[in-house]
Amino acid sequence: MNSEQLQRVRSGKGFFAALDQSGGSTPKALAAYGVEAAEGDAMFDQVHAMRTRIITSPAFTGERVLGAILFEDTMNREVEGRACGDYLWTVKGIVPFLKVDKGLADEADGAQLMKPIPDLDALLATGVAKGMFGTKMRSFVKKADRAGVEAVVEQQFAIGDQILDAGLVPILEPEVDITADDKAEAEHLLRDAIAGHLDRLPDGRQVMLKLSIPTEDGFYRGFVEHPKVLRVVALSGGYSRAEADERLARNPGVIASFSRALTEGLRAEQSAGEFDALLDRAVGEIYAASST
């Protein structure tokens with residue numbers, strides 16, 4: 001593990017950029033960018049062009065962006081003649097992470113587990129070879145059902161162990177639906193389940209947590225201070241950037257890991273000056289909210 005990257009992730013100021021849209025989310029991301037998704041591999045060419053424009057922007061540097069989460073296709077591509085992960089770290093000073101999940105299974109007990117991840121060990125080995133520091137994987141809690149929440153957390157930690165064995169740091173992402181009527185209750189169940197698994201995590205092992213911005217301010221402070229949690233980051237979850245920033249700022253120690261909120265307002269037809277100015281504003285606002 002790169003010790004400089006570890007120190008950056010542990011104590012650096014800034015936030016994470018989630019540039020890992022895949023599958024069904026890619027056409028939506030392109031549409032928001034003002035591009036009609038093509039068929040097959042051409043669609044991934046389009047989204048890589050969008051991500052490259054963000055990554056190479058002068059607004060996107062390690063001064064305010066700590067890490068970037070990449071889709072597997074992006075990890076395997078180049079930016080300005082360099083492997084994407086290498087470009088992020090050596091040129092921009094941004095720590096690269098890899099999304100490893102393959103999407104969500106059907107709902108059961110008010111939650112969606114991750115689909116099976118075939119050949120995960122091979123993917124993790126590729127991630128190590130391409131300079132990834134860690135990984136990210138998402139589950140989805142739709143309501144406060146104890147069985148569903150516990151199943152999600154059990155799966156996250158089980159796969160997290162496999163990722164740690166490979167020498168990478170897992171970002172565990174058991175997202176809670178921000179529109180759920182019983183969101184606060186679901187968050188209580190989730191916090192309890194995560195705490196139990198952290199207590200059983202062997203000494204010397206650390207995970208990261210990516211969580212929905214909680215209903216109760218400061219709700220995850222115990223995780224921010226937990227010795228087995230490297231960092232707590234928050235997803236925007238469908239909130240606008242303004243609302244996500246406002247809510248995040250009320251949770252000291254938690255930093256952003258935004259996707260849609262980061263790229264909000266960016267369009268393919270914008271000039272370089274317009275694009276960079278809008279991205280600079282977004283980065284500045286999210287950085288400020290993450291620096292409370």
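**Entry 1: helix α12**

I started with helix α12, residues 272–290, in this predicted model. Helices here are DSSP runs of H or I with at least four residues, strands are E runs of at least two, and both are numbered from the N terminus. The 19 residues of α12 reach 26 Å from first C-alpha to last, close to the 27 Å expected at 1.5 Å a residue; the expected span is 1.5 Å times one less than the number of residues.

Before going on, I noted the ground rules: residues are numbered from 1 along each chain as its sequence is written. Local features in this predicted model need pLDDT of at least 70 and side-chain atom pairs count only at pLDDT 80 or more, while totals for chains, interfaces and linings use all residues, and side-chain values use heavy atoms, with hydrogens and water left out.

Which residues of α12 are buried? I found F275, L279, A282, V283, I286, A289 and S290, where buried means under 20% relative accessible area with a 1.4 Å probe, protein chains only. They cover an arc of only 130° around the axis, so they sit on the same side of α12; the arc is that of the directions from the helix axis to the C-beta atoms. A handy reminder: an α-helix has 3.6 residues a turn, so residues three or four places apart point the same way.

**Entry 2: what covers α12**

I then looked at the cover over these buried residues, which includes β1 (15–19), α3 (41–56), β2 (65–70), α10 (241–248), β11 (255–258) and α11 (260–263). Contact means heavy atoms within 4.5 Å. For L279, leaving out residues up to four places away in sequence, I listed I54, S57, A59, F60, L262 and L266 as touching.

**Entry 3: strand β1**

I checked β1 next, and 5 of its 5 residues are buried. It pairs with β2 in the parallel sense over 5 bridges, and F16 stands opposite G67 in β2. Strands β1 and β11 also run parallel, joined by 2 bridges, with A17 opposite F258 in β11. Pairing needs at least two DSSP bridges.

**Entry 4: the cores**

I looked up the largest nonpolar core, which has 79 residues; F60, I194, F258, L262 and L279 have the most contacts inside it. Such a core is a set of buried Ala, Val, Leu, Ile, Met, Phe, Trp, Tyr and Cys residues joined through side-chain atoms within 4.5 Å. Helix α7 (residues 146–165) gives the most to this core, with 7 residues. A second, separate core of 16 residues includes F16, F97, F133 and I171.

Technical notes:
Buried < 20%, exposed > 50% of the residue type's maximum accessible area, 1.4 Å probe, protein only.
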